[in-house]
Amino acid sequence: MTTSVPAPASPAVAFSVAGVSKDFPGVRALEDVSLAGYRGEVLAICGANGAGKSTLARLISGQSAPSTGRIKISGYDKEVTSPADADDAGILFMHQEPVIVDEFTVEENLWLKQLSSAGKNRSWRVIPKRRREESLEALRTVGMHEVTLGQLGKTLTPGLRQMLALGRTQVTPHRILILDETTASTTEEHFKDVEALVERERAAGTCVIFVSHRMPEVFAMADRIAILRNGRLIEVLKAKETNREEVVTLMVGEAVRALEAVPTPSFAGIDPVLEVSGLCSGSARDINFTVHPGEIVGIYGLVGSGRSSIARSISGHQNRDSGTVKLYGQEVSPKSPGAALKNGIAYLAEDRRREGFVKDFSNGDNMTLATLGQYSKFGVLNPQQERRRVDELIERYKVKGDGKTLTRSLSGGNQQKVCLAKWIEAKPNLVVLDEPTKGIDIGSRLNIYQIVHELADEQKGVVVVSSEAEELLMICHRILVIRDGELVDEFQSTESNTDDLMRAALGGEL
Amino acid sequence: MTTTATKDVSAKAGRGSTRTRGLIHWAKGQYPLYILIALLIVAALSTDSFFTARNLTNLILQASVIGIVVLAQFLIVLTGGIDISVGSVVGLAGVMSAMIIGGASVPLAIIVAIAVGVLIGLLNGYFVAFRGLEPFIVTLGMLSLARGLVYTFTEGVPVQPQAENFRAIATATILGFPLIGIIWLVLALAVWFMARRTVFGRRIFAIGSSPEAAYASGVPVKQTLLAVYIIAGAMVGFAGFLLASRVGVGTPTAGTLYELDSIAAVVIGGASLRGGKGSVLGAVFGTLIFGIITNLLVLLNVSTFLQDAFRGGLILVAVVMTTVHFRSGKKKTVLSIP
């Protein structure tokens with residue numbers, strides 16, 4: 001057990017965790033973790049998939065109770081056992097998926113925390129006039145300049161929903177702020193606002209707990225970094241005295257070799273797998289590009305630029321307004337994902353929980369859902385055959401748990417491996433991956449990149465849509481940049497850097 | 001890669017206890033069985049007339065028709081839907097089977113009953129799957145429509161079929177066991193096979209659990225839903241014939257409140273009304289629990305009014321038990337995203 005390094009500036013303890021373990025059926029998520037956080041510091045909690053970092057954050061905020069051990073919040077005598085207690089204790093928790101009520105206005109959403117203490121605030125729906133100014137101010141500080149107070153939560157883009165949730169820090173008194181992978185769905189455009197917000201919080205004496213596995217963000221914000229691995233606290237380091245390499249090594253358990261940009265093979269004279277011409281769909285307009293067998297093409301753009309529209313319209317999830325899509329020279333226009341799959345197009349959805357896997361299905365059932373025909377005769381399943389194949393796939397893709405484990409109980413990275421296995425089993429010619437590593441930690445990311453490369457090695461066409469320039473540069477041969485629905489630029493990954501991509505996506509201003 | 005080391009650790013920690021945990025988990029989910037056993041003990045202690053061949057036969061006869069309706073309801077609940085038109089369809093199918101060519105031919109009567117069920121299932125399924133309407137509202141409309149037709153056709157008077165062997169199926173026994181009970185169990189086995197051993201069944205579970213994910217995985221969601229409603233309709237129609245056959249006439253009020261009883265039995269059997277969860281065995285147990293309670297209350301001379309209260313109370317107890325069961329695996333928070 002490593003003892004915590006005392007915070008240098010302000011030694012006032014904000015919370016302390018002593019000998020805490022947490023058991024879930026079949027899994028010990030945390031084991032004997034002791035950790036303290038101090039006022040006016042940013043404590044990053046880092047770890048790979050399933051290391052227990054989100055579990056720890058949930059325990060501190062009273063969303064679940066530890067199996068053994070104690071958690072003490074300074075200035076609060078009772079134990080925190082519910083979100084309501086957490087409010088009283090001054091803990092503000094920012095979920096990975098922001099809690100925004102679709103049918104409430106932006107202003108009502110901003111003051112949502114006051115809903116639970118309606119007694120103290122009188123009628124929360126009748127927001128006093130002076131609060132309008134406060135609300136506008138709060139929105140400005142999180143960079144939401146173009147949003148009106150009266151517009152409904154459901155009209156906001158995912159990025160703006162997250163920023164709105166963060167806006168609550170301005171209007172809700174708190175002593176501890178927990179950001180649980182909050183930046184996973186924020187894009188690079190909003191990141192500066194998050195950084196500024198955290199800086200203000202620190203100055204105001206809040207203890208900020210930042211759960212993340214994204215190293216640039218951790219090092220941009222954190223004072224101390226607590227590293228979890230397999231449910232144990234491995235080390236608490238001062239951010240100034242360590243570096244990315246060391247933290248990642250501790251997270252993963254052994255040194256990681258960063259993947260280098262792949263040199264582009266020559267595709268001259270080879271017929272393309274995919275030819276897209278004049279594609280218009282959603283916000284995408286007149287998109288033309290080709291993908292060759294064995295080629296990995298990235299699509300980069302800001303949120304709302306139309307990059308997902310391209311992916312979804314190719315794969316039958318969204319209707320095309322015009323344009324043609326050819327697969328091996330044959331024109332295809334799938335009207336549903338099922339039809340696209342028959343054409344040999346697989347689409348890994350961005351929203352894993354909704355479209356990626358079936359909620360109540362086990363890993364095995366999820367992995368075979370798209371290919372049940374392989375395990376059945378006249379519609380009757382052969383359970384033995386199916387189970388054998390599932391075991392092979394679990395082994396092959398290094399999925400945690402076994403074929404009977406519920407997919408939803410796994411970490412994001414393992415869930416994604418299950419989804420990938422499902423699609424690869426369908427033996428598609430073209431694989432479209434929409435934000436394949438969203439909310440996934442570094443160890444599993446490398447796993448997923450490896451799988452993507454193997455797909456290319458098998459001469460499949462691969463399209464990767466991502467909002468992370470660094471990721472695309474690492475795995476793609478060629479990157480297309482989309483801005484306001486139009487394809488504005490194209491880069492060879494070996495000859496460009498994140499700066500080029502960002503500049504093209506933003507339109508020159510950076 | 002890193003995973004080899006971590007995998008070993010987690011495997012060691014988990015393996016020893018997974019099997020016992022799995023058993024405990026299974027046992028935890030079998031509360032319909034426990035209710036059933038408890039009921040049988042109560043029955044044995046409270047009256048001598050329960051465990052008699054005559055009473056048990058009677059019990060099976062009563063449970064079989066509703067049991068088949070429960071199987072149909074079970075399939076629809078699995079998809080995340082609900083069918084409250086089943087009672088009216090039982091009535092309509094029964095009356096029609098006794099009316100067609102005067103009820104002179106039993107095979108024709110069966111075909112007519114099933115056809116009535118299929119037709120109504122087709123309509124329900126079309127509205128739910130292809131029009132995207134709420135199953136509750138669609139089948140609510142169908143409940144009134146079908147019952148109204150029954151009263152119109154019969155003018156409220158029971159229909160006497162001509163065929164002398166109209167009651168044969170319902171009264172026949174095989175080795176002393178009522179044929180109608182065997183039909184029920186065979187259908188239960190068939191539904192189990194369909195749900196657990198076929199591609200179609202897997203798709204039903206997927207649709208009930210996550211329709212979007214099922215659609216994205218290439219499952220023909222609309223067609224599957226339509227097929228489920230048609231299959232359920234066919235079973236309900238057949239149940240309608242069996243009921244008419246058992247009573248010997250096509251009664252206009254036959255099947256009244258079957259919708260509530262069947263939904264209750266499905267829920268008592270552990271299925272989730274949100275869809276995607278449930279077992280055929282549970283549905284069969286649910287039917288038996290309901291049947292035994294009714295039977296016991298009659299044997300104990302409880303007034304008919306109080307009987308309803310008892311059954312209502314049982315539904316509430318069972319539903320509370322299901323929430324206890326399902327919640328144990330979930331987090332308690334309301335606002336957190338699952």
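Among contacts in chain B between residues at least 6 apart in sequence, what percentage join residues at least 24 apart? The share is 77%, where a contact means that the C-beta atoms of two residues, placed from the backbone, lie within 7 Å. This is a predicted model, in which local features need pLDDT of at least 70 and side-chain atom pairs count only at pLDDT 80 or more, while totals for chains, interfaces and linings use all residues. Residues are numbered from 1 along each chain as its sequence is written, and chains are lettered from A and ligands numbered from 1 in the order in which they are written.

How confident is the predictor? For the complex, it gives an ipTM of 0.82 and a pTM of 0.76. The pLDDT (the predictor's confidence in each residue, from 0 to 100) has a mean of 86 in chain B, where 88% of the residues reach 70 or more.

Chain B holds 14 helices and 2 strands; helices (H or I, at least four residues) and strands (E, at least two) are DSSP runs, numbered from the N terminus. Of its 338 residues, 46% are buried. A residue is buried if 20 or more other C-beta atoms lie within 10 Å of its own, exposed if 12 or fewer, and partly exposed in between, with C-beta atoms placed from the backbone. Chain A is split into domain 1 (13–252), domain 2 (271–344 + 428–510) and domain 3 (357–427), with bounds that come from an automatic or database domain assignment. The C-alpha centres of domain 1 of chain A and domain 3 of chain A are 34 Å apart.

Now for the inside. In soluble globular proteins, nonpolar side chains tend to be buried together. A nonpolar core here is a set of buried Ala, Val, Leu, Ile, Met, Phe, Trp, Tyr and Cys residues joined through C-beta atoms within 7 Å. The largest one has 165 residues, and Val432(A), Val69(B) and Leu75(B) touch the most other members. Helix α11 (residues 221–247) of chain B gives the most to this core, with 17 residues. At least three residues come from each of domain 2 (271–344 + 428–510) and domain 3 (357–427) of chain A. Leaving aside neighbours within four places in sequence, Leu75(B) is in contact with Val191(B), Ile204(B), Val228(B), Ile231(B) and Ala232(B). A second, separate core of 72 residues includes Leu35(A), Ala44(A), Val147(A) and Ile176(A). Also in chain A, helix α7 (residues 158–171) is mostly covered, with 11 of its 14 residues buried; among them are Leu160(A), Met163(A) and Leu166(A).

Chain A also has an open sheet of 6 strands with mixed pairing, in the order β15-β18-β19-β12-β20-β21. Two strands count as paired if DSSP finds at least two bridges between them. At the edges, β15 (345–348) and β21 (486–492) of chain A each pair on one side only. Strands β12 (residues 296–301) and β20 (residues 478–483) of chain A run parallel over 5 bridges, and Gly298(A) sits opposite Ile479(A) in β20(A). By contrast, β20(A) and β21(A) are antiparallel and joined by 6 bridges, with Leu480(A) partnered by Glu490(A) in β21(A). The hairpin of β20(A) and β21(A) has 2 residues between the strands, and Asp484(A) in this hairpin takes a positive phi near 50°.

Most residues other than glycine have a negative phi. Lys398(A) has a positive phi of about 50° although it is not a glycine, and its place is in the loop between α15 (383–396) and α16 (412–425) of chain A. With 19 C-beta neighbours inside 10 Å, Lys398(A) counts as partly exposed. Leu175(B), not a glycine either, also has a positive phi of about 50°; Leu175(B) lies in the loop between β1 (173–174) and β2 (177–178) of chain B. Leu175(B) is exposed, because 5 other C-beta atoms lie within 10 Å.
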